[in-house]
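Dear colleague,

I am passing this structure on to you, and I would be grateful if you looked it over before reading further. My notes on what was found in it follow below.

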Amino acid sequence: MNLTLKIWRQSNAQATGKMVDYKVTEISEHMSFLEMMDVLNEQLINSGEEPVAFDHDCREGICGMCSMFINGEAHGPDRGVTTCQLHMRMFKDGDTITIEPFRAKAFPVIKDLVVDRGAFDRIQHAGGYISVNTSGNTQDANGTPISKHAADEAMDAATCIGCGACVASCKNASAMLFVGAKVSQYALLPQGQVEAVDRVKNMVAQMDLEGFGNCTNTGACEVECPKGISLENIARMNREFLSANVKG
Amino acid sequence: MSGFFKSSIGRKYAMALSAFFLMFFLLQHFAINILSVFSPDAFNEASHFMGTFWAVQYVLQPVLIFGVIYHFVMGFILEAKNRSARVKKYAKNNGAANSSWMSRNMIYSGLAILAFLVLHFIDFWLPEINTKFIDGDMTGLLPNGEGFRYYEELAHKFENPLRVGAYVIAFIFLSLHLMHGFSSAFQSAGATSMRKEKLQLFAKVYSILLPLGFIFIALFHHFNHH
Ligand code: HEM
Ligand code: SF4
Ligand code: FES
């Protein structure tokens, strides 16, 4: 199929940037979205132009690096997929596709479609971990009983790949789905209890410091999240945060 | 708890708390208003009680005024903060693909309610304050002394079709505001999934029926008079 692409071009973090139109031809519907971008970039390189910079790594939906806002939605129109797993069969011959970087004050553009999601790393550093001694005296995992329900919910929360689609989709650029998932994956397990109070307080404080907006429960994040992280995790984070503040 | 109400989540709790209070107030307001349809006497009794009982006048009324002002001032502050969290807007944003119109336009439905509240204050609250505290007439009686004035005043207000129209439109916006807002408040307050489904159903029913009820009362008095 033949497509018109409207792509955000910005040469560096300081540049103003603008939308630029491109044409690609003979795109197979079996290609992934990033393969289509590869075709475009080959075209650009051959004609001596600067290729479009975009993030990617695994190309199989697990690393969370790819991050495009396609036709007004994070990771494009399909559900439960990252941009690398979005297939061109979601589009029709003759379509115009608008491609923008994830936008949030806390995710500054580095170049073209590449944004700096370091804010997520700093939130993780503030408390998204447990402190365990791994030097030779690790316990048998089955020594700590955990209910199936809690284990399943913790696992669901832990599937968040930190892609930032939740922030990109949210009208408030709120990071609460991401932080809710990261708080929940520990809050549900006994190993997470020791540092529970400091964890939620510090992670929320860092989230606020990074300049993300405030959740108003539109639910856009849950719909656009490639891993189907549930809003339930935000409610759980709110409860954890309240109880942490009551405990002092 | 230091810093709790300055944090993003603390503010969500505060917003939800003010919302629950408003939902309770609205229900109570409706319960009294609907009396006017069935029994002008009962409506007069209830209005007189609410208008003169000290605990309502000097405790609940100030709490209500604070609650309303807190709610919309906080609404404006959150809106401004949330707008500033995305400086550069998308060239193309398909919000309808992932969220309801109501949830994306709380500030506009809220502004419509605020405009209504100004009208409502001028219509009912200012005359009340004037009669009771400027003229010093705490009797609640008609000028000719023949019975309570509340029902007469209410019925008189709804003669004007422009006012009735404005009320109907305002309550449609209230319904839109609550269709997202009420269930949103349960989510903010951290309701768990099992309870949430029932709570959200309750919130939906409330958000549609209550504004409809107020519209019914306004229309009833309008057409009852002619
Ligand atoms: C006076 C004008 C008003 C304005 C400007 C206003 C504005 C807002 C805004 C911007 C929000 C979104 C904030 C958020 O979701 O975090 C909101 C939420 C809400 N509003 Fe209003 N509002 C007004 C009046 C009312 C009234 C009269 C009621 C009910 C009788 C009401 C009930 C709610 C509810 C239930 C929420 C959801 C709270 C939550 O998510 O925790 N609002 N309002
Ligand atoms: S919650 Fe979902 S959308 Fe947000 S970072 Fe995690 S995987 Fe991505
Ligand atoms: S490139 Fe790894 S998730 Fe898309």
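In chain A, I7(A) stands opposite I99(A), a residue of β5(A), where strands (E, at least two residues) and helices (H or I, at least four) are DSSP runs numbered from the N terminus. Strand β1 (residues 3-9) and strand β5 (residues 96-101) of chain A run parallel and are joined by 4 bridges; two strands are taken to pair if DSSP finds at least two bridges between them. In general, strands of a sheet pair through backbone hydrogen bonds, either parallel or antiparallel. The open sheet has 5 strands in the order β2-β1-β5-β3-β4 (chain A), with mixed pairing. At its edges stand β2 (18-24) and β4 (73-74) of chain A, each with a single partner strand, so one side of each is left without a neighbour in the sheet.

Before going on, please note that this is a predicted model, in which local features need pLDDT of at least 70 and side-chain atom pairs count only at pLDDT 80 or more, while totals for chains, interfaces and linings use all residues. Residues are numbered from 1 along each chain as its sequence is written, chains are lettered from A and ligands numbered from 1 in the order in which they are written, and side-chain values use heavy atoms, with hydrogens and water left out.

Ligand 1 is surrounded by 24 residues, of which H71(B), G110(B), H177(B), G181(B) and S184(B) are the closest; a residue is near a molecule if one of its heavy atoms lies within 4 Å of it. The site is shared between chains, because residues from chains A and B surround ligand 1. Polar contacts are pairs of N or O atoms within 3.5 Å; within protein, one atom must be able to donate a hydrogen and the other to accept it, and residues adjacent in sequence count only if both atoms are side-chain atoms. A polar side-chain atom of H71(B) lies 2.7 Å from a nitrogen atom of ligand 1, one of H177(B) lies 2.8 Å from a nitrogen atom of ligand 1, and an N or O atom in the side chain of S184(B) is 2.5 Å from an oxygen atom of ligand 1. Two or more residues of this shell come from each of α1 (8-38), α3 (54-84), α5 (106-134) and α7 (161-188) of chain B, and α7(B) gives the largest share, 7 residues.

Around ligand 2 there are 13 residues, with C160(A), C163(A), G164(A), C166(A) and C225(A) coming nearest. The elements that give two or more residues to this shell are α4 (165-169) and α5 (176-187) of chain A.

As for the cysteines, a search of the whole structure finds 0 disulfides over all chains, a disulfide being a pair of cysteine sulfur atoms within 2.5 Å. The sulfur of C221(A) has its closest cysteine sulfur in C166(A), at 6.5 Å, which is too far for a bond. C221(A) counts as buried at 11% relative accessibility, and C163(A) counts as buried at 6%; buried means under 20% relative accessible area, exposed over 50%, and partly exposed in between (1.4 Å probe, protein chains only).

Finally, N105(B) lies in the loop between α4 (101-104) and α5 of chain B, where its side chain reaches the backbone oxygen of W101(B) at 2.9 Å.

With kind regards
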